[in-house]
Amino acid sequence: MISSEKQGAALLPALKQYFGFTSFRPLQEEIIRDALAGKDVFALLPTGGGKSLCFQLPALVRPGLTLVVSPLIALMKDQVDALRASGVPAAFLNSSLDAAEARACFRDLHGGKFRLLYAAPERLMLPGFLEHAKQWKVNLIAVDEAHCISEWGHDFRPEYRQLAELRGHFPGTPLMALTATATERVREDIVRQLALRDAASYMASFNRPNLTYKVLPKVKPFDQALKYLKEHPRESGIVYCQSRKTAESVAERLETNGVRAKPYHAGLAPEQRAANQEKFLRDETRVICATIAFGMGINKPNVRFVIHYDLPKNIEGYYQETGRAGRDGLPGECILLFSAGDVVKQTQFIQEKSDPNEQRFAREQLQRMVQYAERADCRRASLLGYFGEAWEGGCGACDNCLAPRETFDGTLAAQKLMSCIYRVREKSGFNFGLNHIIEVLTGGGTEAVRKWRHEQISAFGIGKEMTRPEWQSIGRELVRLGLLKQSTEKFAVIELTPEGVAALKQRTPIRLTKPVKPAAAAPRARRSGEIECDEGLFERLRALRRRLADERGVAAYIIFSDVSLRLMARDLPGSETEFGRIAGVGEKKCKEFAEVFVNEILAYRSG
């Protein structure tokens, strides 16, 4: 048996040999060393933070098999393709294999051929499977996308609940749970469901420094999306849409306007979904227009932008979806098109839920999402704060930090709105919704106003100088400022908080934020992670990579990432030795590709 000290000493050589890197990302080495020491581990690393390496590298420095629980066929194939391209003996077992292929895989597993095996939870828990697995010298079980086990998470999958039985079948085998997104409640649920024992817990920062966050007023969303795509003609990205119909419509219109785009949603035939995803992964399609069905397991590292065409339901989903940009560490842009109309649509969907508790939770989450979209301070601080992480000062990489919003003295407007809420409650003895308050404020003659005789209160009609949408915006900002509180019940009523009552009585000065003008130009962000290089050579190397990938039937990034290509186009390696020093070039890839890439670089330079 190899000691954990010797295994630890082999980490850096194996990291370079197989993956082409000379150093670890934050927390990777600590997680790996705990796994090698036989400890249970819980690891929360953001998308692009290198979760997979935490169980892949231990598998290469000691004998035996690492069993990886993974939820999606596409993800398994993608990771196994990448491992094999790097010289790692890995396999997957799922429904995409025919009977002969599955038998061959079992034969090789019993023969000790593989170091990693990927399997879906439903395959893992089939009768007899775990009995087979006990003969394969399993030394680590890694549960990827572990948040799927928690019903409190945004992507709960019932089949993951069966994994609670793993501990009983493998009492002495360490477990590793990995996820990119989980609130404290979900983290606790994962540990409990998987029966992790004295688990070493690692939480990296949720911050993605290479991502820029922007929220734009949604005016003509298709024109806005098309304009962005034409301004970034060589970049690949995702357009998230709320409905299947919108996803298909946007993809079709983009194709008509010369942008290679395909739809992706749960309503498409499985073969069509798989084909569209494969084209996107192989860069044959530049843009995927998708519902939230497109997400987990999308391992494409060179997604340069994510556009939210419609308002997401919650911050967790939004964070996870934006996190699909810039997985390679190069700059990525996240754009949310926001309109109050989308809030109304989401509210209507919530009302269709049958469980009152589900409705209340969904309204609370939607309120947080709307507050994020409308806030005037640092968006990064807001996102990180949702996950319990503090961020001091501005980030320099969101629209509010790059072009701070104008403010104005909103004391009079706030006083009018708060006074109206106070008088309405005084008149009727209970609270009303914001829409009703605004009807009273603007002198509306609705049936409800007449029924409750609210035309008789002193605040009736004192806010006619502003439109209803303007009052809506002010109302939501006063909620964000903590002066008003909106309930999450079916009939969402608005009321003054103690701070609001004090501000009303003391006429406290209140500054409010001016709305963003639709035509405002999006500011240029500080692009963290940018690698400056010869762009002409980079494009030549991309074309070469694409040709090599097509010959092998794999996605382009399986050959090399954009990061590696940019480093080649910057450092101009002229020999196999110099090529081997590029980050992401391991031993197998150096032997296989050094000559062809070096020749391309030399031809370009002499060109």
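Which helix does Gln 371 lie in? Gln 371 lies in helix H16, helices (H or I, at least four residues) and strands (E, at least two) being DSSP runs numbered from the N terminus. The model is a predicted one, in which local features need pLDDT of at least 70 and side-chain atom pairs count only at pLDDT 80 or more, while totals for chains, interfaces and linings use all residues. Residues are numbered from 1 along each chain as its sequence is written, and side-chain values use heavy atoms, with hydrogens and water left out.

From Gln 371 to Gly 258 it is 113 residues along the sequence and 36 Å through space, C-alpha to C-alpha. Gln 365 is also found in helix H16. Its relative accessibility is 16%, so Gln 365 counts as buried; the cut-offs are under 20% relative accessible area for buried, over 50% for exposed and partly exposed in between, with a 1.4 Å probe and protein chains only. Leaving out neighbours within four places in sequence, Gln 365 touches Lys 313, Asn 314, Glu 316 and Tyr 386.

Glu 316 leads on to helix H14, where it is one of the buried residues. Besides Glu 316, the buried set has Ile 315, Gly 317, Tyr 318, Tyr 319, Gln 320, Glu 321 and Thr 322. The cover over them includes strands E8 (211-217), E9 (236-240), E12 (303-308) and E13 (332-338), along with helices H16 (356-374) and H17 (379-386).

Now for the nonpolar cores, meaning sets of buried Ala, Val, Leu, Ile, Met, Phe, Trp, Tyr and Cys residues joined through side-chain atoms within 4.5 Å. The largest has 79 residues, and Leu 117, Leu 124, Leu 163 and Met 176 touch the most other members. Helix H4 (residues 53-60) supplies the largest share of this core, 6 residues. Leu 124, neighbours within four places in sequence aside, is in contact with Leu 67, Val 69, Ala 119, Phe 129, Leu 130, Leu 163 and Leu 166. A second, separate core has 33 residues, including Met 369, Tyr 372, Ala 373 and Leu 383.

Then there are the helix pairs. The axes of H11 (residues 221-231) and H12 (residues 244-256) come within 11 Å and cross at roughly 50°. Axes here are lines fitted to C-alpha atoms, for helices over the stretch in contact, with angles from 0 to 180 degrees between N-to-C directions. That makes H11 oblique to H12; angles under 35 degrees are roughly parallel, over 145 roughly antiparallel, 65 to 115 roughly perpendicular and the rest oblique. Phe 222, Leu 226 and Leu 229 of H11 meet Val 250, Arg 253 and Leu 254 of H12. By class, this contact of H11 with H12 has 5 nonpolar, no polar and 1 charged residues; Ala, Val, Leu, Ile, Met, Phe, Trp, Tyr, Cys and Pro count as nonpolar, Asp, Glu, Lys and Arg as charged, and the others, Gly among them, as polar.

For H20 (residues 434-441) and H22 (residues 468-480), the axes come within 10 Å and cross at roughly 125°. That makes H20 oblique to H22.

Note on methods
Contact means heavy atoms within 4.5 Å.
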